[in-house]
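Q: Hi! Could you walk me through this protein? I'd like to start with the overall fold and then look at a couple of residues.

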Amino acid sequence: EGLVMIQAGFQDEVRIAIKFYISMFVPQPVRNIEFLFNSTRDASTYNAVRLGNSGLDLVAVRNGNEVGTTPSANKEQNRDANVWLNRRDPHDLEIRYERENKDDEASKDSIVTVLLDGEEVIKTKAKSGNKGFVGFKWKDTKFILENIQVAGNIDLEWAEKALEDRKAKK
């Protein structure tokens, strides 16, 4: 079980691309890996793509409680990933969180798109204006992550505070 957070805050837009291998989901009641975005530093509140015994889905967690899920459009992927995920080959996962209408600053709608091995498996609307960190957490899962790419709009409030903190340490 663990948690890793990337120490950069993002706002309104982030793209995460990861090549991963899953070697095993341990036979426990809850076993998964979650790829987090719009997360608090302690990962008590976040959105994530979850892969594990519940299949592949998008999950929203608020104050440690799951408040919503969006399952994969590929019905095969709504079963335990031990059943359908090829564990011998690498897989590409891409998560895009972006403002629906980039030209309209007042736009409150965002879109979350998830691609697994190039196939769009989840696309749903989300609340805009979210900001937070990117990371991943896991429970009873053995995996390898390679070539992690994260890009997006830096949260300027976070960046200013991070720079001030860095200057204060000198």
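What follows is a short chat about the fold, the surface and two residues.

Q: Before we start, what kind of model is this, and how are residues numbered?
A: It's a predicted model, where local features need pLDDT of at least 70, side-chain atom pairs count only at pLDDT 80 or more, and totals for chains, interfaces and linings use all residues. Residues are numbered from 1 along each chain as its sequence is written, and side-chain values use heavy atoms, with hydrogens and water left out.

Q: Great. How many helices and strands are there?
A: Two helices and ten strands. Here helices (H or I, at least four residues) and strands (E, at least two) are DSSP runs, numbered from the N terminus.

Q: And in what order do they run?
A: From the N terminus, it goes β-β-β-β-β-α-β-β-β-β-β-α.

Q: How much of it is buried?
A: Buried residues make up 43% of the 170. Buried means under 20% relative accessible area, exposed over 50%, and partly exposed in between (1.4 Å probe, protein chains only).

Q: Switching to residues: where does G9 sit?
A: G9 is in strand 1, which covers residues 2-25.

Q: Buried or exposed?
A: G9 counts as buried because its relative accessibility is 2%.

Q: What does G9 touch?
A: Leaving aside neighbours within four places in sequence, G9 is in contact (heavy atoms within 4.5 Å) with G132, F133, N153, I154, D155 and W158.

Q: OK, now W84. Where is that one?
A: W84 lies in helix 1, residues 81-84. With 16% relative accessibility, W84 counts as buried.

Q: Which residues does W84 contact?
A: Setting aside neighbours within four places in sequence, W84 contacts L51, G55, L56, E76, Q77, R79 and L116.

Q: And how far is W84 from V134?
A: The two are 27 Å apart in space, C-alpha to C-alpha, and 50 residues apart in sequence.
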